[in-house]
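Me: Could you take a close look at one part of this structure and tell me how it is held in place? I'd like the helix packing and the charged pairs treated together, please.

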Amino acid sequence: MRRWVLGLIAVGFFLAIMLHGGGEVDEQAFVISIGVDRADTDEVTVILEIPALTGDTDEQSGGSSSSGSGSNNYRIVETRSHGVIDAMETLSTTIPNDLNFSQTLQIIISEELARDAEFSEVLEDLLTLEGLRQSAALIICRNGAKEYIKAQKPYLGTRLSEDIKVGLKLYDNLGYIPIVHFGHAVRMNGRGTGGGWQDVLLPLGYASEAPKDSSKTGGSQPGGGDAAQPEGGQAGGGQTGEAQGGTEEEGGGRDATINEKGRILDSLAGEMQGEDGQKRTDLLGAAVIKQGRMIGTLTGLEMQFVAFLTGNMKQFTYYAAGEYYRIEQRPPVRTWVVQEGDRWTLKISGSVRVSRLRNGMVDIQGVQEAFDNDVLRVIGKLQMFGSDPVGFEGKAVRSVASLSQWDETIWLEMYQNATAEVQTKIIVGEQT
């Protein structure tokens, strides 16, 4: 009986493959990475990473490039067109295999394109790809999707696909980026039309190669600017977003905290260059998405406090009151909204377990003040963007009798002008 059931499952599996359009597995071009870059004003470049054909070379691939060797050999193919759908049609006729998106692990969109109003259309077009894996990670790359895909190399003895899986899981465990599945991002991107009560944050990536001459470091940053002043916006001012080539919504540049003691990760992907001269990919920080496009950034450290607000903070090292501590969130965290006339207050209450890394007593008051100030700073930055990834709107909407009475425009104004109050309870843990 058991063999009979297993036999039916096997037959069904092979029938499914045949009905998909390609009769055999070796007739499928399994796409593991999709990239989309801005080409010209009205065009995009679509990049696919697929296993290389036997004997493939750069010349044989019609301008595509190969990476890896042996069983890790992949090739990159690309084309320019007016949109994703047209580009996929072109690629499907030039690749001698049936494109299969069921194993796609990551979708990379360039920051230039993500900041464009066309970003939502690109996501919707990608959603039309038959069989596309909804759990694929969606990443915004600061300096281009093609560069990011080309820079990914497998470790010796591993397949690139497995290396990507392990890398994403590692970054997710560290907590300095949001890991967002493509399907979830598309739904969240449609706030107000079924997307829920939270804005979406997407992980920031960067393809970097350490310069041999340290004097050239600044030129390797996205946009060729100063690494300490990328686009973003942090409560308290700084250079204007317009001066940094950003948008008015961003409201200002970040404070130059990069490489400050204890705040090394208060930076973005690409701002911490390696010293080995090898190409690599970095993931750090988040792209803030509002009304279907990217409007700003959060640093890796700021993401930890967003995670605290949503109850998902990972254990991390925190520098406060002149000492290093191990911080671990203790559930639950509570967020709510209080309305008094025309005034709104965002309330946050939670607790963290704090352990000192070195010998000595925990400075409870010093840690609490520093932690609360960091949480308030991040909330202020999100308010400035008009972005609500925490979901305060979902709490505020309970103040009306029906959803038809809720005005999102009025809420946005109230949210940006609301006062935030945070109360964190410090639980002293054992010294690590």
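**Charged pairs and a helix crossing**

Reply: At 22% relative accessibility, Lys347 is classed as partly exposed, a label for values between buried (under 20% relative accessible area) and exposed (over 50%), using a 1.4 Å probe and protein chains only. Before going on, please note that this is a predicted model, where local features need pLDDT of at least 70 and side-chain atom pairs pLDDT 80 or more, while totals for chains, interfaces and linings use all residues. Residues are numbered from 1 along each chain as its sequence is written, and side-chain values use heavy atoms, without hydrogens or water.

Lys347 has a partner in Glu421: the two form a salt bridge, with the closest N and O atoms 2.7 Å apart (the term needs a side-chain nitrogen of Lys or Arg within 4 Å of a carboxyl oxygen of Asp or Glu). Glu421 is partly exposed as well, at 38%. Lys347 belongs to strand β14 (residues 343-356) and Glu421 to strand β15 (residues 419-428), so this pair ties together parts 74 residues apart in sequence. In total the structure holds 16 salt bridges.

Now to the part I would zoom in on, the meeting of two helices. Helix α8 (residues 300-310) packs against helix α9 (residues 364-385) at an angle of about 90°, and their axes are 9 Å apart.

From α8, the residues Glu302, Phe305, Val306, Phe308 and Leu309 take part. On the α9 side they meet Phe371, Asp374, Val375, Arg377, Val378, Ile379, Lys381 and Leu382 (contact means heavy atoms within 4.5 Å). Helix α8 is mostly covered, with 10 of its 11 residues buried; the buried residues include Glu302, Phe305 and Leu309. After α8 comes Gly311, with a positive phi near 80°.

Asp374 lies in α9, while Arg263 sits in the loop between β9 (201-209) and β10 (279-290), so the pair joins parts 111 residues apart in sequence. Both ends are shielded: Asp374 has a relative accessible area of 6%, and Arg263, at 15%, counts as buried.

Asp374 also pairs with Arg377, the closest N and O atoms again being 3.2 Å apart. These two are 3 residues apart in α9, which means that about one helical turn separates them. Arg377, like Asp374, is buried.

For the setting, the protein has 11 helices and 15 strands, and buried residues make up 50% of its 432 residues. Among contacts with a separation of 6 or more, 70% join residues 24 or more positions apart. Its largest nonpolar core has 89 residues, of which Ile34, Leu48, Ile109, Leu126, Leu202 and Ile327 touch the most other members (such a core is a set of buried Ala, Val, Leu, Ile, Met, Phe, Trp, Tyr and Cys residues joined through side-chain atoms within 4.5 Å). Apart from it lies another core, of 19 residues, including Leu105 and Tyr148.

Notes: Axes are lines fitted to C-alpha atoms, for helices over the stretch in contact, and angles run from 0 to 180 degrees between N-to-C directions. Helices (H or I, at least four residues) and strands (E, at least two) are DSSP runs, numbered from the N terminus.
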